[in-house]
Amino acid sequence: MSQLRSKVITLYKHLQYLGREYPGLNGPEKFRKQIHDAFMNHKDEQDPKKIVALLAQGRYLAKEVEALYSLKKYRSVKQRYSYND
């Protein structure tokens, strides 16, 4: 159980770190609050299978946010270096 706890804490910290550059007007604050609320809603979960499923869902979210950031970087580089006819 302590292994799952450390994985949950690591995922939480990683998602909070990813949220610092979330796009939008109140993007970072809103994203971090949503992550916090999601983790607090499941804080009393005791079933290891359910915890593993929630961890997988969190990892998927992290990958999606990372893809969003890389797409944002790609678009800005493309915009800077594209040649207009």
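Select Y12. At 25% relative accessibility, this residue counts as partly exposed. Keep in mind that the model is predicted.

Look at how the two rings meet. Their centres are 5.0 Å apart and their planes stand at 75°, so Y12 and F39 form an edge-to-face pair.

Next, colour the helices. Y12 belongs to helix α1, which covers residues 2–18. F39 belongs to helix α2, residues 27–41. The pair therefore ties together parts that are 27 residues apart in sequence.

How many aromatic pairs does a search of the whole structure find? The count is 2. For the other pair, select Y22 and F31. Here the ring centres are 4.7 Å apart and the planes are at 15°, so this pair is stacked. The cut-off for stacking is an angle under 30 degrees.

Is F31 buried or exposed? F31 is buried, at 5% relative accessibility. Y22 is partly exposed, with a relative accessible area of 29%.

Move to R20 and show its side chain together with Y17. The charged end of R20 sits over the Y17 ring, 4.0 Å from the ring centre. R20 counts as partly exposed at 38% relative accessibility.

E21 is partly exposed, and its relative accessible area is 41%.

The structure holds 2 salt bridges. To see the other, select K33 and D37. Their closest N and O atoms are 3.3 Å apart. Both residues lie in helix α2. Because they are 4 residues apart there, about one helical turn separates them. K33 is exposed, with a relative accessible area of 51%. D37 counts as partly exposed at 32%.

Finally, zoom out and select residues 7–60. UniProt, in an unreviewed entry, places the feature "domain: Complex 1 LYR protein" here. Show the cartoon for this stretch. Over residues 7–60, the chain is 74% helix and 0% strand. Then mark the C-alpha atoms at the two ends of the stretch. They are 14 Å apart.

Terms used
Residues are numbered from 1 along each chain as its sequence is written. This is a predicted model: local features need pLDDT of at least 70, side-chain atom pairs count only at pLDDT 80 or more; totals for chains, interfaces and linings use all residues. Side-chain values use heavy atoms; hydrogens and water are left out. Rings of Phe, Tyr and Trp (its six-membered ring) pair if their centres lie within 6.5 Å; planes under 30 degrees apart count as stacked, over 60 as edge-to-face and the rest as tilted. Helices (H or I, at least four residues) and strands (E, at least two) are DSSP runs, numbered from the N terminus. Buried means under 20% relative accessible area, exposed over 50%, partly exposed in between (1.4 Å probe, protein chains only). A charge sits over a ring if NZ of Lys or CZ of Arg is within 6 Å of the ring centre and within 35 degrees of the ring normal. UniProt positions are given in the numbering used here, feature names are shortened, and annotations may be inferred rather than shown by experiment. A salt bridge is a side-chain nitrogen of Lys or Arg within 4 Å of a carboxyl oxygen of Asp or Glu.
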